[in-house]
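Welcome, and please open the viewer. We will start with the whole chain and then select a few places within it.

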Amino acid sequence: PEAALGWGDKTALQYRILVCGGDGTIGWVLGALEQLDFTYKPPLAVLPLGTGNDLARTFGWGGGYTGSSVLPVLQQVGRAHVELLDR
């Protein structure tokens, strides 16, 4: 994800990241963000598409995507409250 994340850092925009995947994908993106050490730390949302989705289940975000329209998910990401977590 480094190329896409690098693009975001080159802009003056404040953006949010939607990670679509499971625990491994989330860890991959978080690891890349940590290594790239950007000035702006974008909020990260999760659309659980993995097999276990332990992180999403633990935080009460649901166990997986049901296959309905993704538009409401995207709208919710844009206006969601940002909660800081440590890694």
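**Starting with the whole chain**

Contacts (heavy atoms within 4.5 Å) between residues 24 or more positions apart make up 67% of those in the chain with a separation of 6 or more. Please keep in mind that this is a predicted model, where local features need pLDDT of at least 70, side-chain atom pairs count only at pLDDT 80 or more, and totals for chains, interfaces and linings use all residues. Residues are numbered from 1 along each chain as its sequence is written, and side-chain values use heavy atoms, with hydrogens and water left out.

Now switch to a cartoon view. You will find 4 helices and 2 strands, counted as DSSP runs (helices H or I, at least four residues; strands E, at least two) and numbered from the N terminus. The C-alpha trace spans about 35 × 25 × 25 Å along its principal axes. Of the 87 residues, 26% count as buried, meaning under 20% relative accessible area, while exposed is over 50% and partly exposed lies in between (1.4 Å probe, protein chains only).

**Select the core**

Next, select L5, Y15, I17, V19, I26, V29, A32, L33, F38 and V46: these 10 residues form the largest nonpolar core. Such a core is a set of buried Ala, Val, Leu, Ile, Met, Phe, Trp, Tyr and Cys residues joined through side-chain atoms within 4.5 Å. Both β1 (17-21) and α2 (23-36) supply at least two residues each, and α2 gives the largest share, 4 residues.

Zoom in on L5. Which residues does L5 contact, leaving aside its neighbours within four places in sequence? They are Y15, I17, V29, A32, L33, L36 and F38.

**Select N53**

Move on to the loop between β2 (44-48) and α3 (54-58), where N53 lies. Is N53 buried or exposed? N53 is buried, with a relative accessible area of 3%. Setting aside neighbours within four places in sequence, show its contacts: G21, G22, D23, P48, G63 and G64.

**Select A80**

For the last stop, go to the segment after α4 (71-79), where you will find A80. A80 is partly exposed, at a relative accessible area of 34%.
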